[in-house]
Amino acid sequence: MRATPSPAQSLPASDEGISTPVPAAEIDASCRAPILFLLVSAAVWVVISSVLGMIGSLKFHAPGLLADSAFFTYGRVHPAALNALVYGFGMQAGLGVILWMLAHLGRTRLVGNVGIVMGGILWNIGMTAGVLGILGGDSTGYQLLEMPRYATFPLFIGYLMIGIGALLTFHTRRERQLSSSQWFALAALFWFPWIFSTAEFFLVGHPVRGALQMVLDSWYVNNLKTVWFGFAGLAAIFYFIPKLIERPLYSHYIGLFVFWTLALFGSWGAIPPGSPLPEWLPTLSIMGALLTIVPILAVAINVYRTKGDCAKIKESRSMKFFLFGTLAYIISGLAGAVMLLRRVSVVVNFTWFLPAQSQLLLYGFVAITLFGAIYHIVPRLLQTEFPSKGMICGTFFLAAAGILLYCVPLAIGGILQGLGMNDAAKPFSEVMNSSLVFLRISTIGDFLMLLANCLLLLNLIRIHVRAGRTVAAAAWAAHSNTAGVRA
Amino acid sequence: MNAGPFVFLASFFALAVSWLGFVLAPQLQLGNRQQVESRTTGDVYPHMRAGMARQGEQVYRANGCNACHTQQVRYKGFGGDYARGWGGRDSVVQSVDEDYLYDRPAMLGTIRVGPDLANIGLRQTNANILLQHIYSPTNSFPHSVMPPYRYLFEKGRKLAIGQKASDDSVAVEKGYEIVPTDEARALAAYLISLRQNELLYPETPPLTKPTNAVPATNAVKAAASTNNVNTNTPAK
């Protein structure tokens, strides 16, 4: 990102190659190693996350489970699972998909491959240290920033290395016209280093005092969920949906409108009313959250109009991932805005409704959208098809059923829990018992998501085996040919 | 059209707005909070935690107690927090930002799988009862989903027949008494230190209509107490 005109522009037509688009197959060849590394490690993390999540969920059936080990206590397993999902899977796969989209939208080869692979390795080292750190009791105690300090350095440097690769790729693009997907992708790239370094500096490095820590943490969490994941997911949705049905996006300008409104107001809705803070903070939060309803509806209109009643929807296998992702985005976004209203917050705040909304965003929207993108990208990188098409559909239905069976019971249970808690005549233990049924149903959702995640990893392994076999067979054939010639 | 730098500037501008509003402005307003001295009692508030409780705070953090317990009580009339007896102040305002001045980290929590602990130290001052609950939550609440924190306890001496277990043991199993580790003792000390009972004048009174929300007698009392603490002065 330079303010001065790029050499590509200042030297018109001196080099034919610089403005001619690179063929898609060549772009995919340049992306192969770094992006496969990011996507496969992300798939490993999503499985780890759901295994940890499953352990956490089972504790509501048998609190005594693994109770003799500090490593697997609920207060450690739960944040570890969430961090593995958010940073290990969501951010890593998100970066992989962003890189691939930037290369294809710019019709240029991926630049800085070595840096990206090194960055990916650092990211995974940081993740491993972070998750083990949380399980070992080194959690910082801040929501979604639980990973200890020693883990955040490799994470941050890894991100910067991947991000620089993305910016270089963007800079050498040959298609100068920007699409709204590129806006979202680039903004997401810029966003994270700033919010992460601010939050780490003011919470872990030089902690601010008292309740300000809560303000900063909420600000960070909301920026990460609404803006980073919102942008990365929307970039994928606005790219893949038009591409799969071979129609242009309904409106580029609605895309830009969504970008601006989300960028400006998306990060405000962080602080629920009733918090131990000056009243202007929750008030401003409610205002910002309500303003995000407008871009959410704009996303709905844009996707709906793009999709139309196109017959191609049924043909494409990955389409359902993106449509489900859009729907989850709209519902979780609206729920996230409405739950800050005073009258709603007084009931649902501090209940299971919050994790239900958050998981719908992180898994229903982000993860399922990224699953679709992975299923689209990986066969192109390896130049071979997935061995089983049924298993792709299987991933989708398991993931979709899983997130629904997780969110719906928890949302209902959360509302009932909130109503019960506000009725002081009911003893607390009774309120908890009544919401326990819903919690236990949600374990089925956790289990289905675990199966979906395993299926994704299995599919990725199988396609690699298949691609490896093809390569080996070709090499063998070449070898025996030459051997034959020699003989 | 080379709009790359423009995307950068747009993101920068949008993030700067959010940063000014939610990072800088609260810091300017609340960043210089000091201990205050109450004219009514002469105490300074909030207290800095003493050694054991300070270590216990780290045990609370390391084991992620905040994954299930909040430490914030919403103001009277907003939800059932006060009516449940979780509040520590006899006023409309409950938790305020001063309460967390010395918390490192401040663990306000986001979900109540268990009860709020902001004032657990006012409700229970007996460390042994707290420790018994931590060792085996289902003993006191048969349907509790709180995990038993057995790893915070260890086997003590073997009891002879008829011998009484010592006062700080939490249970007797197979003839051995179960005693808390230092970590568990620190945790109990921390829990007992959790109390938000000093009356403080809030930065901005919450938007309640006391006549609707709470009975008139309470509102009058609350108004009276607010007047009292109006006279709080910063400690030296």
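Predicted model: local features only at pLDDT ≥ 70, side-chain atom pairs only at ≥ 80, totals over all residues.
**A walk through chains A and B**

Visitor: What share of the residues of chain B count as buried?
Guide: A residue needs 20 or more other C-beta atoms within 10 Å of its own to be called buried. Chain B has 236 residues, and the share that counts as buried is 44%.

Visitor: Is B:Ser140 buried or exposed?
Guide: B:Ser140 sits in helix α5 of chain B, which covers residues 137-140. Because B:Ser140 has 12 of them inside 10 Å, it counts as exposed.

Visitor: How far apart in space are B:Ser140 and B:Arg185?
Guide: Along the sequence, B:Ser140 and B:Arg185 are 45 residues apart. Going C-alpha to C-alpha, the distance in space is 19 Å.

Visitor: Over in chain A, at what angle do the axes of helix α8 and helix α15 cross?
Guide: Helix α8 of chain A spans residues 212-245, and helix α15 of chain A spans residues 353-382. The crossing is left-handed. The two axes come within 10 Å, and they cross at roughly 35°.

Visitor: How many nonpolar residues are in the contact of α8(A) with α15(A)?
Guide: From α8(A), the residues include A:Phe229, A:Ile237 and A:Phe240, and those they meet in α15(A) include A:Leu361, A:Phe365 and A:Val366. By class, the contact has four polar residues, one charged, and the nonpolar ones number ten.

Key: Residues numbered from 1 in each chain as written. Chains lettered and ligands numbered in written order. Helix = DSSP H or I, 4+ residues; strand = E, 2+ residues; numbered from the N terminus. Axes fitted to C-alpha atoms, helices over the stretch in contact; angles between N-to-C directions. Left-handed = near helix turned anticlockwise from the far one by under 90°. Contact = placed C-beta atoms within 7 Å. Nonpolar A, V, L, I, M, F, W, Y, C, P; charged D, E, K, R; others polar.
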